[in-house]
Amino acid sequence: MKVVALVSGGKDSCFAMMRCVDYGHEVVALANLLPLDDSVDELDSYMYQTVGHQILVSYAECMGLPLFRRRIHGSMRHQHLNYKTTSGDEVEDLFILLSEIKKKIPSITAVSSGAIASDYQRLRVESVCCRLGLVSLAYLWKQDQTLLLEEMIRRDIIAITVKVAAMGLDPAKHLGKELAKLAPHLLQVKELYGINVCGEGGEYETLTLDCPLFSNARIFLDKFEVILHSPDHIAPVGILHPLTFHLQHKDELSSSNTSIASLTKAGYVCEVQGESKSDDTVESLSTSLQYDIPANKNLRLSISRSNKDMFSISCWVQNHSNTSEGLQEDLTAVLFKIESRLKDDGFDWLNVLYIHLYISDMKNFALANDVYVKFITEKKCFLGVPSRSTIELPLLQVGLGKAFVEVLLASDHDKKVLHVQSISCWAPSCIGPYSQATLHREVLYMAGQLGLDPPTMGLCSGGPAIETEQALMNSEAVANSFNASLTSSSIFLVVYCAASLTFRERTLIQHKMESFLENHNSQHSKRMHNPVFLYILAPALPKGAVVEVKPILHVLTNIDDEAENSSLQPTGKTATCDFHFVECCSSCYQIYSVSGKICTALVSVTKELAAKICFTDKSELSPLSQMRIIIKFCIFSINKILVDHCFFWDNLMYLKFYYTTSNSLTAETLNLVFSEVFAEFAEANKSLKMDHHQTFSLIPVLSSGRSASMEDIISCELFASKL
């Protein structure tokens with residue numbers, strides 16, 4: 001991509017440019033914001049470093065690139081973490097600057113920034129990029145600062161300190177010092193006082209005088225003065241005010257090479273004027289659309305509303321004729337139906353924590369996204385867009401339409417959303433209205449993770465095991481952002497495998513999953529556990545991936561919380577049953593329970609188990625009769641799991657049944673049978689209350705199970721919470 005680099009003069013923005021080049025991008029322009037008054041060194045801003053701005057004008061000549069500069073007219077008006085377009089805010093100066101650069105150089109598609117740890121800065125750059133249709137590149141994001149500092153020095157970034165403001169840093173001693181010489185002292189101060197060695201906490205700021213991208217010339221600072229802002233004896237604050245400097249062209253520094261002068265590119269400086277123009281009309285397009293939903297569209301809704309605070313809604317098209325109008329029409333109808341239901345219940349998309357988007361053909365993934373963004377936008381979800389997983393499922397084979405959507409929502413807005421749209425070395429970016437993870441009441445719902453190499457956003461080569469390992473590493477990076485670990489905090493892991501995989505390749509994926517957790521669990525000996533696993537065979541996954549990992553984590557707020565795993569259950573008061581179900585239970589459960597807070601489980605009904613529970617010495621049962629018995633067994637098992645772990649049906653957040661399309665039963669038939677059996681159970685056991693909406697989701701899959709063999713006729717996933 002062609003990149004415009006945001007440069008403050010600091011080491012981070014320069015090294016970010018170098019990383020862009022490392023990953024094959026081309027830096028074609030520079031962008032900088034400076035104070036209105038040249039004599040002012042520093043502004044009261046969380047967004048921009050301006051100390052040393054008097055020298056930065058020379059970057060155009062040093063790099064042979066156009067430098068676009070704008071004076072900062074705005075101030076910090078919108079101080080919340082998630083930025084909302086605000087007239088007069090300093091972020092709007094960045095918007096005007098990048099807008100003008102995009103007009104001058106239309107080939108630019110990305111913006112580079114040196115953000116390492118500041119969500120405040122990253123989110124504002126991403127907001128501006130989103131409004132302008134540009135990609136944010138933040139290759140230093142979440143990187144180890146000690147390693148970054150070492151690499152910057154090793155790769156010949158020559159930078160000096162122009163501000164110090166931390167314990168252990170003295171303006172008289174340390175201002176104007178080269179970073180390479182100051183590094184040992186910075187590491188020592190880190191050990192003593194815990195400072196950020198790259199200055200991410202405002203401990204110090206730098207000015208780059210030379211780096212490998214300065215192909216034409218380097219800067220020499222001839223004279224400066226130290227201005228003491230605060231004489232505090234513990235952490236004095238001082239800045240370096242440059243007085244005189246000069247450039248030395250690199251052909252002069254290398255007398256042995258006389259051809260450099262003829263190869264140097266000429267840079268120029270352009271000052272950007274203008275005022276911000278509201279782009280509200282662009283953002284409001286999605287909210288002003290009128291949806292034309294056919295009256296004969298047979299939409300079905302499932303609501304697990306037993307839990308009043310948290311519940312799920314599923315919606316799909318019941319397509320009797322197997323002739324769907326198209327994904328765009330079906331998905332629009334489904335999302336509109338869900339949106340209408342949310343409004344009827346006093347909710348909106350802001351309440352949604354997670355979305356499962358199932359489509360009939362992954363080739364239409366881009367079209368599905370186009371429809372999706374008309375409903376779920378950052379403007380509607382100003383606290384953070386929901387996390388999401390998108391999978392292709394055999395919907396048409398069972399008489400459904402081309403889109404099936406599940407949403408998990410909460411009645412409150414007490415959630416923490418991680419949405420990093422910048423491409424970085426940290427984890428895959430989520431460019432668009434879906435986030436990496438959402439934390440709500442100690443439960444972290446993570447978006448499905450592919451085996452993508454974060455800085456390139458390409459699938460890792462080397463086979464399914466390598467893809468799986470990268471997907472797990474990506475998941476771990478996201479978990480770490482919530483002070484959690486995939487290995488010590490995960491409670492349920494869904495592993496989607498592409499149908500193109502052989503049985504041997506699926507087995508390799510399972511071994512990689514288990515070895516990753518075992519190896520990392522040894523590093524987290526304080527809390528050893530095994531999460532519940534569910535493997536699902538899907539026709540296709542996004543980007544042609546062969547595996548997608550979707551973790552659910554319990555983020556501990558109390559270190560004394562205890563988790564228990566079980567496959568054998570303690571005896572409890574369960575529903576009465578005419579079948580020999582109890583003796584069949586021990587082999588088909590995976591359960592994870594946390595101190596009476598959370599209970600999640602998988603009930604696996606294999607062909608072998610089905611033969612046991614459907615055994616009769618009478619005439620052979622029809623497939624439908626066998627299915628009724630299997631469903632009764634599943635409901636009995638769910639009830640037993642809930643009772644044995646002191647949970648109730650009212651605690652269920654969601655209940656999903658994955659069924660194989662090989663059973664030759666349509667979704668409509670299965671829905672009818674499930675509803676009948678649930679009604680019978682509710683009649684006999686008052687603990688379950690049924691209303692006119694079904695409280696479960698039926699999801700068609702090629703196959704599923706607790707292992708890579710995926711031998712289940714039905715896999716039941718439940719999640720109950722008292723949080």
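Let's start with a helix. Helix α5, residues 119-132, lies across β1, β4 and β5. Its direction is at about 150° to β5. Keep in mind that this is a predicted model.

Now, the sheet under discussion. What is the strand order? It reads β5-β4-β1-β2-β3-β10. That makes an open sheet of 6 strands, with parallel pairing. As background, strands of a sheet pair through backbone hydrogen bonds, either parallel or antiparallel. Which strands are at the edges? They are β5, residues 135-137, and β10, residues 268-271. Each of these pairs on one side only. From one strand to the next, the twist averages 25°.

Let's look at one pair. Strand β1 covers residues 2-6, and strand β2 covers residues 26-34. The two run parallel, joined by 5 bridges. Take valine 3: its bridge partner in β2 is valine 27.

Back to helices. Helix α1, residues 11-22, lies across β1, β2, β4 and β5. Here β4 is residues 110-112. Helix α1 runs at about 160° to β2.

Next, a helix pair. Two packed helices are described by the angle between their axes and the distance between the axes. Our pair is α13, residues 327-344, and α14, residues 365-372. Their axes come within 10 Å. They cross at roughly 35°. The crossing of α13 past α14 is right-handed.

Which residues meet there? From α13 we have Leu327, Gln328, Leu331, Thr332 and Leu335. From α14 we have Leu367, Ala368, Val371 and Tyr372. By class, that contact has 7 nonpolar and 2 polar residues, with no charged ones.

Notes:
Residues are numbered from 1 along each chain as its sequence is written. This is a predicted model: local features need pLDDT of at least 70, side-chain atom pairs count only at pLDDT 80 or more; totals for chains, interfaces and linings use all residues. Side-chain values use heavy atoms; hydrogens and water are left out. Two strands pair if DSSP finds at least two bridges between them. Helices (H or I, at least four residues) and strands (E, at least two) are DSSP runs, numbered from the N terminus. Axes are lines fitted to C-alpha atoms, for helices over the stretch in contact, and angles run from 0 to 180 degrees between N-to-C directions. Contact means heavy atoms within 4.5 Å. A crossing is left-handed if the near helix is turned anticlockwise from the far one by less than a right angle, and right-handed if clockwise. Ala, Val, Leu, Ile, Met, Phe, Trp, Tyr, Cys and Pro count as nonpolar, Asp, Glu, Lys and Arg as charged, and the others, Gly among them, as polar.
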